[in-house]
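Subject: Structure for you to look at

Dear colleague,

Here is the structure I said I would pass on. Please open it alongside this message; my notes follow below it.

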Amino acid sequence: MADLLFNLLLSVDATFRVATPLVLCAMAGLFAERSGVVDIGLEGKMLAAAFAAAAVAAVTNSAWLALGAGMAVSVALALLHGFACITHRGDQVVSGVAINILVSGLTVVLGIAWFARGGQTPSVGNEARFTPINWPGAEALADVPVIGGLYSELLSGHNLLVYVAFLIVPLTWWIVYRTRFGLRLRAVGENPNAVDTAGISVSGLRYAAMGCCGLLCGIAGTYLSIAQNAAFVRDMTAGQGYIALAAMIFGKWRPVPAMLACLMFGFLDAVAIRLQGVVVPVIGPIPVQLIQALPYVLTVVLLAGFIGKAVAPKASGIPYVKER
Amino acid sequence: MSDPEIQNQDDVRSLGTDAPPAIELRDINKSFGPVRANKNVCLSVKPGAIHGIIGENGAGKSTLMSILYGFYEADSGEILIGGKPATIRSSRDAISAGIGMVHQHFMLVDNMSVVENIMLGAESGAILTSSVAAARAELERLERDYSLDVDPDALAGDLPVGQQQRVEILKALYRGAEILILDEPTGVLTPQETDQLFRILDSLRKQGVTIVLITHKLREIMAVTDDVSVMRGGEMIAHRETAQTNKEELAELMVGRKVLLSLDKAAPQAGETVLAVEGLTFVDKAGVPRVDNISFSVRAGEIVGIAGVSGNGQSELLELLSGVRPVTAGGFSLMGERFSASRRLDPAKMRDLKVAHVPEDRLRSGLVRTFAAEESAVLGYHRDAAYNGAVFTKRDAIQQDCATKMTDFDVRPPNPKLKTANFSGGNQQKLVLAREISRDPRLLLVGQPTRGVDIGAIEFIHRNIVAMRDAGSAVLLVSVELDEIMSLSDRILVMFEGRIVGEVPAHEADERLLGLMMANAAPERSEAAG
């Protein structure tokens, strides 16, 4: 029993680590889509940021410079998406996919050109990473039943970016529902005409939203390469951008439900890792592939059947053209 | 009365000499490519007056107001607000010059509350809490001063249209508008809501607000305005004091020729029953009965009009009868052939039975925008032997056919090769009508025959519908325009929430009675009328 509890605790603990990039990306997507820009390029932005962060960390040995580089690259791509979709009213899905494909190839090409390791970046030492922060007293409390486990395992011992990600959720909520920017953001995704006639620039708002989106994807990518791992590996995002997008839709474009959806996907992922090699009576060991596929299968099932009526922002995906 | 055409611009500027005019436009020009939407337009609006601007679709009214509200910039010309030159490049400039606009299509965010909608773009700070409090207080004051009641916490999308319009007016007033422009404000309102709106406008005028009312409805101009300006073909044709003009003169100015506003038609010669509807019901996906157990009949040689505020099941009824939607329960008979949930009517079968259908929304279901006119003119009849050879279609026959229809129905320009989208709304509608009428149908189902159509074309379309009736066809007319229903129909049925709530013979109908029935507020009428 205690063993099971401990395993569960470790799974939940792992959930936070796995869900961090999902949460960040989901919030990024939320800003974009609330403003009326569909962003299927979350994946590409995150991948580009991961590469930029790992490359800068390898060269400068500074985690903070790496974070800055990750965010800068991601914001640049977000603005490129904006330039195509907002200024030139291009198709938002096409632009997003183009960014994903571009980044997927470009990171490998640049990686080979700069580091000659088959597309990987050199491993960086802990001084150039975001490493786990142990909260005061975590060691001492570790053996206290229940509370000790919760405190030392769940709360303490994550790296800075995990905490940042989960603080960004209430921050996003506050921005979207309690600030002027949020009011306008919600309005521009629903009815850009209303915003335009109120004397506010539709493009300006959408660019600002893309900026927020880029920043958050940048943090997510940085987390992947120099906090969760210690180097960039080709295609290391492995579809997490899409899962984040799914989680955001699952959360009906609202911050807290979107975060919960991310945690659910994260938890499945964490459980899948724990289940590897577990022998089930009669059936025998569960095939690794099946377990690895579980989160994706569940994503499809949940999205297809359980999401209920998800009403997207009305103007989402539609370029704004002034009347006539 | 002098010839209205020879009103010169000096006259225009001499209107309202006591105080500087609230709005003065001088020689405004605006072109879109080769189209000159506004040509040397001058306008002077007295402060504290209701000034009507009337004109056909495409006369340049909306362009002019869009220039005033900063949507477009004029190519040349001057704008003076309260006697001072103003540069208006954006809506923001217009708002700060004290101009507010109530658009034809409301500019509301449906899933936000009334308060949020009103303060959008005019928040008092970066954090909403204080803005909301300020907006609420100001809103209460405005509601008190102008007696504009709206629940500030209701979601904008949940409000009825009349209330949504008030929110739009409040939005403008909240931004300190002293000049209020209303673009076709009554298109979506019931007659009662229209009366309420006019009362609101009157009280705004008493408080010193200047109002510009854009419309193509002569009745409204006569009912509320102090002055009226007429536009035609991008030019300002005339200015009148409303008290010194009349509908006939204004209609003539708008169209450029004499227009018969009332339709002379002989008494109907009703024959055998062509359409009999019995307990027809349609339930939509959400389980809402859109058409609820309706029964009525239409006989040859009569026009039956279906009145109702848009969205009360008329569209669905028309789609059921034309085989576009499947029937849920009940059924109907066309020329004695019965259709029901188990025996579906499809549009091809419908045409075989000589039933013609002019759909409500010509661009969605009547025409294909990107087709040449000649192609649009055979849609639905494209299997006809006259248009087809053994393998290929007969392009020449189709073109010839379209050219004939264009001459018969005065479609301009009469060019069968021109893309459908490049015709004006009225000409597109004439093309659809030509296609459907020219085969002598036994029954014509027609929805909103004159939506977005100019007054001149309306006259033409109405005449053709009556001519069809006189030739012995049955006509079922669905329209949200009461004037149209009243002038065309021989019998009027009123729909409310999917049910027929009353039937009135045309000669007994008046606007007030129909309006009350449309809002389902009429006193119970005896069945004798039906």
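The buried residues of α5(B) are covered by elements that include α7 (160-178) and α8 (180-190) of chain A, together with α4 (114-119) and α6 (161-174) of chain B. Please bear in mind that this is a predicted model. The buried residues in question are B:Leu128, B:Ser131, B:Ala135 and B:Leu139. They sit on the same side of α5(B), because the arc they cover around the axis is only 65°. The other side of α5(B) has exposed residues: B:Thr129, B:Ser130, B:Ala133, B:Ala137, B:Glu140, B:Arg141, B:Arg144 and B:Asp145.

After α5(B) comes B:Ser147, with a positive phi near 45°.

On the contact between the chains, chain A contributes 18 residues and chain B contributes 23 residues. On the chain B side, α3 (91-96) and α5 (128-146) each supply at least two residues. By type, the chain B residues that touch chain A are 11 nonpolar, eight polar and four charged.

In soluble globular proteins, nonpolar side chains tend to be buried together. The largest nonpolar core here has 245 residues, and those touching the most other members are A:Ala26, A:Ala53, A:Leu216, A:Ala247, A:Cys262, B:Leu68 and B:Val494. Helix α10 (residues 202-228) of chain A gives the most to this core, namely 15 residues.

What does A:Ala53 contact, leaving aside its neighbours within four places in sequence? The contacts are A:Ala66, A:Leu67, A:Ala69, A:Gly70, A:Gly221, A:Thr222, A:Ser225 and A:Ile226.

β19(B) pairs with strand β13 (residues 303-307) of chain B, running parallel through four bridges. Within that pairing, B:Ile306 has B:Leu493 as its bridge partner. β19(B) also pairs with strand β20 (residues 499-505) of chain B, antiparallel and over six bridges. There B:Phe496 is opposite B:Arg499. The hairpin of β19(B) and β20(B) has two residues between the strands, and B:Glu497 has a positive phi near 45°.

Chain B also has an open sheet of four strands, in the order β2-β1-β4-β5 and with antiparallel pairing. The edge strands are β2 and β5 (84-85); each has a single partner strand, so one side of each has no neighbour in the sheet.

Strand β1 (residues 23-32) of chain B is joined to strand β2 (residues 35-45) of chain B by seven bridges. One of the bridge pairs is B:Ser31 with B:Arg36. Between these strands the hairpin has two residues, and B:Gly33 takes a positive phi near 60°. With strand β4 (residues 76-81) of chain B, β1(B) pairs over five bridges, again in the antiparallel sense. In that pairing B:Arg26 is opposite B:Glu78.

- A:Asn61 is not a glycine, yet has a positive phi of about 65°. It lies in the loop between α2 (42-60) and α3 (63-87) of chain A. A:Asn61 counts as partly exposed, because 14 other C-beta atoms lie within 10 Å.
- B:Asp410, also a residue other than glycine, has a positive phi near 55°. Its place is the loop between α14 (395-408) and α15 (425-437) of chain B. With 14 other C-beta atoms within 10 Å, B:Asp410 is partly exposed.

Regards

Definitions and conventions. Residues numbered from 1 in each chain as written. Chains lettered and ligands numbered in written order. Predicted model: local features only at pLDDT ≥ 70, side-chain atom pairs only at ≥ 80, totals over all residues. Core = buried A, V, L, I, M, F, W, Y, C linked by C-beta atoms within 7 Å. Buried ≥ 20, exposed ≤ 12 C-beta atoms within 10 Å, placed from the backbone. Contact = placed C-beta atoms within 7 Å. Pairing = 2+ DSSP bridges. Nonpolar A, V, L, I, M, F, W, Y, C, P; charged D, E, K, R; others polar. Arc of directions from axis to C-beta.
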